[in-house]
Amino acid sequence: MSDKFRDKYRIPSSRLQNWDYSSNGYYFITICTKDRIDFFGKIIDDKIQLSINGEIAKKYWLEIPIHFLFVELDEFIIMPNHVHGIVIINNMSNVETPNLGVSTMGKTKPNNWEHGCLGVIINQYKRICTMKIRKININFSWQARFYDNIIRNEKSFYYIRKYIKENPMNWEQDRNNLSNQQPNGN
């Protein structure tokens, strides 16, 4: 594979190779604003005080399951310059049916941009937020990518939930270090 596309360097995907991101599972997501600008509010007394932009981000986060019926949301928080959340993909069409001898699992090559995949869910969330927030603040923009962590066990789930809940209390010490703080409970 070439390191350049249209004379620009390609950045390798941060997604786990050979993982089907439309698979049922729990995913810890972090989405940052471009240049980590505080568009969504302020932390005051260890609590987030959402701006109008933050309220928009919250509203559309909560609406994700309306548009993707196979998605459930767990713990989440809108922070001044990012969103943390647990997205649960629970698509009944991805369930094994051994009694019938038919399997819908095990695609030979994952397509991480098909309708039910995590990338599409996050892309659509970012798209609607951008459209609505730019009516208020034309300069609003997201970082091009998002961070994800596939939650593989109860211990990780516990630590990630705790991390999300406590994120406002840890704001000053880790506000610019999002990529190095993905909790995993290992």
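## A polar contact at N81

The side chain of N81 makes a polar contact with the side chain of H82, at 2.7 Å. A polar contact is a pair of N or O atoms within 3.5 Å; within protein, one must be able to donate a hydrogen and the other to accept it, and residues adjacent in sequence count only if both atoms are side-chain atoms. N81 sits in the loop between β6 and β7. Its relative accessibility is 0%, so N81 counts as buried (under 20% relative accessible area; exposed is over 50% and partly exposed in between, with a 1.4 Å probe and protein chains only).

## Model and overall make-up

This is a predicted model, in which local features need pLDDT of at least 70 and side-chain atom pairs count only at pLDDT 80 or more, while totals for chains, interfaces and linings use all residues. Residues are numbered from 1 along each chain as its sequence is written, and side-chain values use heavy atoms, with hydrogens and water left out.

The protein has 5 helices and 8 strands. These are DSSP runs numbered from the N terminus: helices are H or I with at least four residues, strands E with at least two. From the N terminus on, the order is β-β-β-β-β-α-α-β-β-α-β-α-α. Of the 186 residues in the protein, 41% are buried. Among contacts (heavy atoms within 4.5 Å) with a separation of 6 or more, 71% are between residues 24 or more positions apart.

## Helix α4

Helix α4 covers residues 154–166, 13 residues in total. From first C-alpha to last it reaches 18 Å, close to the 18 Å expected at 1.5 Å a residue; the expected span is 1.5 Å times one less than the number of residues. At the N-terminal end, N153 caps α4, with a side-chain oxygen 3.2 Å from the backbone nitrogen of K155.

The buried residues of α4 are S156, F157, I160, Y163 and I164. Seen down the axis of α4, they fall within an arc of 130 degrees, so they line one face of the helix. The arc is that of the directions from the helix axis to the C-beta atoms. The buried residues of α4 pack against β3 (25–33), β6 (71–78), β7 (82–89), β8 (142–151) and α5 (171–174).

I164 has 0% relative accessibility. Leaving aside residues up to four places away in sequence, I164 touches F28, E75, F76, I77, H84, G85 and I86. I164 and I86 are 78 residues apart in sequence, with their C-alpha atoms 9.1 Å apart in space.

## Packing of α1 and α3

Two packed helices are described by the angle between their axes and the distance between the axes. Helix α1 (residues 52–62) and helix α3 (residues 118–133) pack at about 145 degrees, with axes 10 Å apart. Axes are lines fitted to C-alpha atoms, for helices over the stretch in contact, and angles run from 0 to 180 degrees between N-to-C directions.

At this packing, N53, I56, A57, Y60 and W61 in α1 meet I122, Y125, I128, C129, K132 and I133 in α3.

## The β4–β5 loop

Most residues other than glycine have a negative phi. D45, in the loop between β4 (41–44) and β5 (47–50), has a positive phi of about 55 degrees although it is not a glycine. D46 lies in the loop between β4 and β5 and has a positive phi near 65 degrees. D45 is exposed, with a relative accessible area of 69%, whereas D46 is partly exposed at 44% relative accessibility.
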